[in-house]
Amino acid sequence: MISLRHYQYKSLNLHHRNTYISPFMTLDALTAVSPVDGRYRGKTECLAAYFSEFALIRYRVRVEIEYFITLCELPLPQLKGFNHSLFERLRDIYRSFSEADAVRVKDIEKVTNHDVKAVEYFIKEEFDKIGGLDDFKEFIHFGLTSQDINNTSVPLSVKEALDEVFYPQVEELIAQLREHAEAWKDVPMLAKTHGQPASPTRLGKEIEVFVYRLSEQLELLRQCKLTAKFGGATGNFNAHHVAYPGYDWKSFGNKFVSEKLGLQREQWTTQISNYDHLGSVLDAVRRINTVIIDLNRDVWMYISMEYFKQKIKAGEVGSSAMPHKVNPIDYENSEGNLGIANALLQFLAQKLPVSRLQRDLTDSTVLRNIGVPFGHSIIAIQSTLKGLRKLILNEEKLAEDLNNTWAVVAEAIQTILRREAIPIPTRH
């Protein structure tokens with residue numbers, strides 16, 4: 001059985017499947033169109049559990065199963081006879097969801113030409129395997145539209161990817177920066193404003209600035225709501241009210257989304273999510289990435305100023321033509337990936353909340369790319385971490401620049417003269 005956490009989907013390749021090439025790369029990775037699933041697969045495979053096609057199918061199955069269980073718990077009259085002891089058996093359908101199960105769903109989709117309907121049919125097949133559940137199968141996906149499943153599955157995947165991958169990565173980066181800030185808290189350094197020598201500072205303090213900024217933005221991201229649309233074909237629970245007018249379906253939907261999925265239900269929607277809160281999440285991730293870009297550029301500059309040297313592994317080549325160089329490639333790699341990530345995050349945040357009338361299909365194809373900017377962000381964070389762990393402080397160079405720039409004490413002298421009421425202190 002292939003667990004979701006370690007699942008690696010197999011992409012198409014030219015001749016063979018999963019052919020072994022080296023300890024770092026399979027033919028699948030070599031023939032991937034996107035570097036997220038190719039060159040950088042080792043860094044991004046942790047996201048396959050949340051954003052791959054396999055993961056999306058599994059999240060859909062999970063939402064469908066939990067919805068059916070919640071209908072039984074209500075209970076609807078026709079579901080009073082369902083044996084509640086089978087609930088965990090039903091949950092095992094998504095808990096043990098395998099590659100073979102995903103392939104089966106895709107095979108059904110070839111017939112239905114509808115991805116969510118294929119999930120419904122797959123679950124009905126799983127009910128048949130349990131046996132004795134024929135009377136209950138038509139309450140799978142009861143009264144729902146596909147977007148009730150998609151607009152719960154996607155935010156759920158984002159929520160869990162943030163909790164289990166993105167937050168820990170950012171926290172690791174903050175911890176590494178804090179370690180440097182503490183180690184270098186007493187190291188004096190010539191400041192540069194507008195690229196010119198400025199009043200001295202401390203290296204540790206300048207690193208602490210990024211600890212503070214990232215911590216603040218991470219907290220803002222954590223405060224963003226993760227919401228879901230759940231309300232039937234056009235957001236009104238029409239089918240539910242027609243079939244069972246005596247139930248408070250809005251309260252039912254609120255409870256289901258909150259208690260079973262850990263999300264907040266959007267109270268007024270069309271057929272699809274409003275995506276406003278998802279846009280806030282994406283913008284918050286983009287702000288974190290922007291801080292890291294600033295960090296990358298500053299450290300890159302410090303390296304160019306020789307304030308830092310870089311460790312190099314045995315056999316590692318700094319430059320193909322100039323062996324004396326150790327290029328700051330980790331920060332450049334990170335900056336480039338963050339640029340791509342932020343472009344996609346901005347597009348998604350701006351596009352998703354806009355849909356014609358009660359819905360058009362543009363959100364569907366766009367949402368399939370939601371894992372891509374997270375992939376580039378993770379690549380970038382790991383590159384920055386790698387670069388930070390290679391830094392060697394060059395205190396001699398920092399001291400030399402300070403000793404050669406005595407003019408920067410002018411601010412202190414001028415301030416003392418002002419304190420002593422010396423007229424026009426700038427002339428002294």
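**Notebook: core, helix and surface**

I began with Ile-370: beyond its neighbours within four places in sequence, Ile-370 is in contact with Phe-51, Val-154, Val-158, Leu-278, Leu-282 and Leu-348. A reminder to myself and to you: this is a predicted model.

Next I looked up the core around it. Which residues touch the most other members of the largest nonpolar core? I found Val-61, Phe-68, Val-158, Leu-162, Phe-166, Ile-370 and Phe-374, out of 116 residues in that core. Helix α8, residues 146-183, gives the most to this core, with 14 residues.

Then I turned to Tyr-302, which I found in helix α12, residues 276-304. Is Tyr-302 buried or exposed? Tyr-302 is buried, because its relative accessible area is 14%, and the cut-off for buried is under 20%. Leaving aside neighbours within four places in sequence, I listed its contacts as Met-189, Glu-206, Tyr-307 and Phe-308. I also checked Leu-398, which is 96 residues from Tyr-302 along the chain; their C-alpha atoms are separated by 9.8 Å.

Last, I went to the surface. Here Trp-406, Val-409 and Ile-413 form a nonpolar patch, and together they have about 330 Å² of accessible area. I picked out Val-409, which has its place in the loop between α16 (395-403) and α17 (410-419). Val-409 counts as partly exposed because its relative accessibility is 35%, and that class runs between the 20% and 50% limits.

Technical notes. Residues are numbered from 1 along each chain as its sequence is written. This is a predicted model: local features need pLDDT of at least 70, side-chain atom pairs count only at pLDDT 80 or more; totals for chains, interfaces and linings use all residues. Side-chain values use heavy atoms; hydrogens and water are left out. Patches are made of residues with over 30% relative accessible area and no salt bridge: like charges are joined within 9 Å, nonpolar side chains (Val, Leu, Ile, Met, Phe, Trp, Tyr) within 5 Å. Accessible areas come from the Shrake-Rupley method with a 1.4 Å probe; for residues, only the protein chains shown count as cover. A salt bridge is a side-chain nitrogen of Lys or Arg within 4 Å of a carboxyl oxygen of Asp or Glu. Helices (H or I, at least four residues) and strands (E, at least two) are DSSP runs, numbered from the N terminus. Buried means under 20% relative accessible area, exposed over 50%, partly exposed in between (1.4 Å probe, protein chains only). A nonpolar core is a set of buried Ala, Val, Leu, Ile, Met, Phe, Trp, Tyr and Cys residues joined through side-chain atoms within 4.5 Å. Contact means heavy atoms within 4.5 Å.
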